[in-house]
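This report sets out the architecture of a two-chain model, from the fold of one chain to the contact between the copies. The sequence and structure are shown first.

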Number of protein chains: 2
Amino acid sequence: MTKGRLLRDVGELGFLRRLLPTLRGGRGVLVGAGDDCAVVRGFPRLVVTTDVLVEGVHFERDWQSPQQLGAKSILVNLSDIAAMGGRSRYCLLSVGVPGSHPLKDLELLHRGAQRAAQKASASIVGGNVSAAPSLFISVTVLGMSPRRPLLRSGARVGDLVFVTGTPGDAAAGVRLLQAGLRDGPGRAALIRRYVAPTPRLDVGLRLATAGVPSAMIDVSDGLVQDLGHICESSGVGAIVSEARVPRSRAYRAVIGGDPALALSGGEDYELMFTVPPRRLARLEGLRPRLSCPLTCIGEVVARPKGVRIQDKSGRLYVLGAGGYEHFHAG
Amino acid sequence: MTKGRLLRDVGELGFLRRLLPTLRGGRGVLVGAGDDCAVVRGFPRLVVTTDVLVEGVHFERDWQSPQQLGAKSILVNLSDIAAMGGRSRYCLLSVGVPGSHPLKDLELLHRGAQRAAQKASASIVGGNVSAAPSLFISVTVLGMSPRRPLLRSGARVGDLVFVTGTPGDAAAGVRLLQAGLRDGPGRAALIRRYVAPTPRLDVGLRLATAGVPSAMIDVSDGLVQDLGHICESSGVGAIVSEARVPRSRAYRAVIGGDPALALSGGEDYELMFTVPPRRLARLEGLRPRLSCPLTCIGEVVARPKGVRIQDKSGRLYVLGAGGYEHFHAG
């Protein structure tokens with residue numbers, strides 16, 4: 001084995017930052033690794049994405065029912081399809097599982113995945129089951145993109161930044177689960193947002209069809225970190241107003257006034273997108289038909305690059321390395 | 001947790017046998033779970049497949065270099081594309097890995113995967129790296145099928161059964177690795193066949209283009225078990241002549257005369273296909289242009305269903321539950 005630095009010394013993002021440049025520019029790759037989905041030549045309008053849930057890292061077995069776990073493995077991928085403005089079509093589901101796993105639970109897991117796919121008009125078309133020391137689920141989803149898929153790279157100076165729903169709920173939910181605090185006002189609601197996320201497929205599709213966003217991403221690593229991905233891909237900076245980041249009633253009841261989880265907590269699976277001012281009227285026209293609230297939380301600026309946050313007193317600050325980083329957490 | 005039977009009580013195949021009927025017939029699914037690749041409506045000529053390698057199940061870390069491991073994770077999927085007669089185009093690579101993994105090894109693993117993809121004219125377009133208790137690699141490959149992808153279900157009574165290369169070598173190789181017997185005549189060759197398989201993309205493509213096979217599969221579970229898959233999908237039986245199953249010089253040197261591993265050993269990644277007698281002349285015309293030997297090992301019969309083997313004395317027998325079955329092995 002090669003000696004030297006370990007993966008946890010640089011973390012998942014650090015590793016991907018080194019890896020991505022070596023992956024760009026393959027034959028026929030229109031949008032490759034580094035956006036929510038890949039877009040490739042040869043299969044018009046195909047968008048494809050993959051994600052994995054690992055026991056002990058993304059979930060503990062007693063945090064949710066097997067059906068919920070199977071469903072979530074599909075839903076987190078549907079969120080990436082939503083972030084391109086696409087429709088989900090086909091799923092591949094690979095499960096690694098110890099031989100000691102209850103057969104019934106494994107069947108329920110698959111049933112949950114199937115139902116989640118069906119609800120999003122998608123079919124499970126392949127996959128496999130393999131022995132493994134602990135449970136993991138790896139899913140690939142193929143979707144159909146709009147004529148122009150919505151990328152992370154289209155944000156321009158002066159665009160406004162919007163987010164769907166109430167970020168931070170899922171991060172609050174997982175902390176409640178970790179602490180064993182399941183009962184009490186608001187707690188169940190927050191936990192549900194972690195265990196059973198709602199990918200915004202319909203919203204993404206409507207926004208893309210109406211040609212409203214200049215860039216879009218789903219909030220999986222945390223709002224600020226994901227906005228940072230848009231900034232990096234678009235070569236711009238952004239300012240987020242702390243006070244404007246929407247927080248749910250449950251979040252306020254359980255967490256209180258601290259916006260930290262709303263800014264940096266992961267796994268929300270909300271959509272975040274930038275809108276040029278000239279398209280704001282079109283966005284307002286759409287709003288009544290959308291299934292969730294939209295909130296303007298900030299704007300795109302030229303420099304400095306990266307995301308700054310404005311607190312209540314108007315001061316700007318930068319969030320430290322936050323968001324979800326499984327290797328540092330461990 | 002639900003009580004009752006465990007996964008290992010029915011095994012991987014047993015579980016899939018229960019699962020597959022519930023997956024068939026989704027919207028737009030032309031060929032779904034249960035063939036080498038899926039074929040779907042909406043993306044003409046797309047074939048897609050996924051497979052996973054798990055540490056301690058499919059490999060041990062010191063059995064091969066990180067590059068070889070990364071390459072193999074791609075190659076086993078390319079073999080499924082080959083079995084449809086397709087060309088590989090795009091790959092998604094998800095790696096689950098402990099934080100204690102050497103960074104350099106993880107980079108080499110990705111480099112090996114990239115090289116293997118490039119050699120097959122494919123690009124890595126997405127994926128992710130996630131923390132996990134032990135190493136696993138989940139790969140999805142998208143390919144371009146011929147006008148009519150070669151399925152498992154086309155075998156007809158009277159067809160002859162062919163296999164490429166020399167099956168059983170990889171199974172012999174893994175047994176040598178397990179026993180720590182790496183040196184000595186023939187051993188390295190067998191181990192190489194396990195560690196660095198050669199998917200038969202060019203052969204599959206030429207066969208499909210020439211319209212020779214009636215059904216095709218790649219030999220990953222073991223020759224008899226995979227021929228059983230063709231029989232089951234096609235509603236036929238088959239007889240394999242033990243004496244005609246080709247064995248490599250290394251196999252004969254290390255294993256001797258016993259054909260068991262050639263008949264039931266897994267992970268060969270050779271192609272097995274059935275050919276109607278009227279197309280045999282066309283096959284002979286192709287043979288000089290193929291990069292590996294082809295051997296006729298048997299024929300398709302009406303009944304009984306399933307695979308029977310003819311020994312040297314002409315007696316027919318049925319192989320017990322063999323092939324690769326990770327849950328029973330553990």
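This is a predicted model: local features need pLDDT of at least 70, side-chain atom pairs count only at pLDDT 80 or more; totals for chains, interfaces and linings use all residues.

Residues are numbered from 1 along each chain as its sequence is written, and chains are lettered from A and ligands numbered from 1 in the order in which they are written. For pLDDT, the predictor's confidence in each residue from 0 to 100, chain A averages 92, and 95% of its residues score at least 70. The ipTM is 0.92 and the pTM 0.93.

**Fold of chain A**

Chain A holds 11 helices and 13 strands, taken as DSSP runs numbered from the N terminus (helices H or I, at least four residues; strands E, at least two). Its C-alpha trace spans about 55 × 50 × 50 Å along the principal axes. Of the 330 residues, 56% are buried, that is, 20 or more other C-beta atoms, placed from the backbone, lie within 10 Å of their own. Among contacts (C-beta atoms, placed from the backbone, within 7 Å) with a separation of 6 or more in chain A, 83% join residues 24 or more positions apart.

Strand S7 of chain A (residues 160-164) is largely enclosed by the rest of the structure, because four of its five residues are buried. Its pairings are listed below; strands pair if DSSP finds at least two bridges between them.

| Partner of S7(A) | Residues | Bridges | Sense |
|---|---|---|---|
| S10(A) | 270-275 | four | antiparallel |
| S11(A) | 294-301 | five | antiparallel |

Within these pairings, A:Leu160 stands opposite A:Val275 in S10(A), and A:Phe162 faces A:Cys296 in S11(A).

Contacts link 70 residues of chain A with 70 residues of chain B. Elements of chain A that each supply at least two residues to this side include helix H1 (7-23), strand S4 (87-97) and helix H3 (103-119).

The same surface serves both, as 100% of the contact residues of chain A recur in chain B.

How values were computed:
A residue is buried if 20 or more other C-beta atoms lie within 10 Å of its own, exposed if 12 or fewer, and partly exposed in between; C-beta atoms are placed from the backbone. Two residues are in contact if their C-beta atoms, placed from the backbone, lie within 7 Å.
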